[in-house]
Amino acid sequence: MTNVYSFDGILVFGLLFICTCAYLKKVPRINNWLLSEKKGVWGVFYKAAIIGTRLHIAVAISCLTMAFYVVFLK
């Protein structure tokens with residue numbers, strides 16, 4: 001179990017947040033509702049979705065590396 005208050009917990013949360021927002025960007029109804037704002041608090045979802053789609057190779061490698069770390073090394 002990963003603790004949110006540790007550094008690796010924050011990394012896991014950030015990666016899951018970016019992956020979730022990138023996935024939700026592909027759903028048209030949610031894209032119009034959640035990711036339409038580019039500023040303010042709701043803009044965080046938009047920016048995470050952009051990071052997830054533009055850097056999808058790096059995010060995927062980071063997710064696999066973190067999964068290996070959490071399952072086998074921790």
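Mentor: A residue counts as buried when its relative accessible area is under 20%. Please keep in mind that this is a predicted model.

Trainee: Which residues of helix H1 are buried, then?

Mentor: The buried residues of H1 are Asp8, Gly9, Val12, Leu15, Ile18, Cys21, Ala22 and Leu24.

Trainee: What covers them?

Mentor: The cover over the buried residues of H1 includes helix H2 (28–34), helix H3 and helix H4 (56–73).

Trainee: Let us turn to H3. Which of its residues are buried?

Mentor: In H3, the buried residues are Gly43, Ala48, Ala49, Ile50 and Gly52. Their cover includes H1 and H4.

Trainee: How far does H3 reach?

Mentor: H3 has twelve residues, and from its first C-alpha to its last it reaches 16 Å, close to the 16 Å expected at 1.5 Å a residue.

Trainee: Which residues make up the largest nonpolar core?

Mentor: That core has eight residues: Ile18, Cys21, Leu24, Leu34, Leu35, Ala48, Ala49 and Val59. Helix H1 (7–25) and helix H3 (43–54) are the elements that give two or more residues to this core. H1 gives the most, with three residues.

Trainee: What does Val59 touch, leaving out residues up to four places away in sequence?

Mentor: Val59 touches Leu15, Ile18, Cys19, Ile51 and Gly52.

Trainee: Now the aromatic rings. How many aromatic pairs are there?

Mentor: The count comes to four aromatic pairs. In one of them, the rings of Phe17 and Phe45 have their centres 5.4 Å apart and their planes at 45°, so the pair is tilted.

Trainee: Where in the chain do Phe17 and Phe45 lie?

Mentor: Phe17 is in helix H1 and Phe45 is in helix H3, 28 residues apart, and the pair thus links distant parts of the chain.

Trainee: Are those two buried or partly exposed?

Mentor: Phe17 is partly exposed, with a relative accessible area of 24%. Phe45 is also partly exposed, with a relative accessible area of 23%. The range for partly exposed lies between the cut-offs for buried, under 20%, and exposed, over 50%.

Trainee: Which residues do the ring pairs link into a cluster?

Mentor: The cluster consists of Phe13, Phe17, Trp42 and Phe45, linked by ring pairs.

Notes: Residues numbered from 1 in each chain as written. Predicted model: local features only at pLDDT ≥ 70, side-chain atom pairs only at ≥ 80, totals over all residues. Heavy atoms only, no water. Core = buried A, V, L, I, M, F, W, Y, C linked by side-chain atoms within 4.5 Å. Buried < 20%, exposed > 50% of the residue type's maximum accessible area, 1.4 Å probe, protein only. Helix = DSSP H or I, 4+ residues; strand = E, 2+ residues; numbered from the N terminus. Contact = heavy atoms within 4.5 Å. Phe/Tyr/Trp six-rings, centres within 6.5 Å; stacked < 30°, edge-to-face > 60°. Expected span 1.5 Å × (residues − 1).
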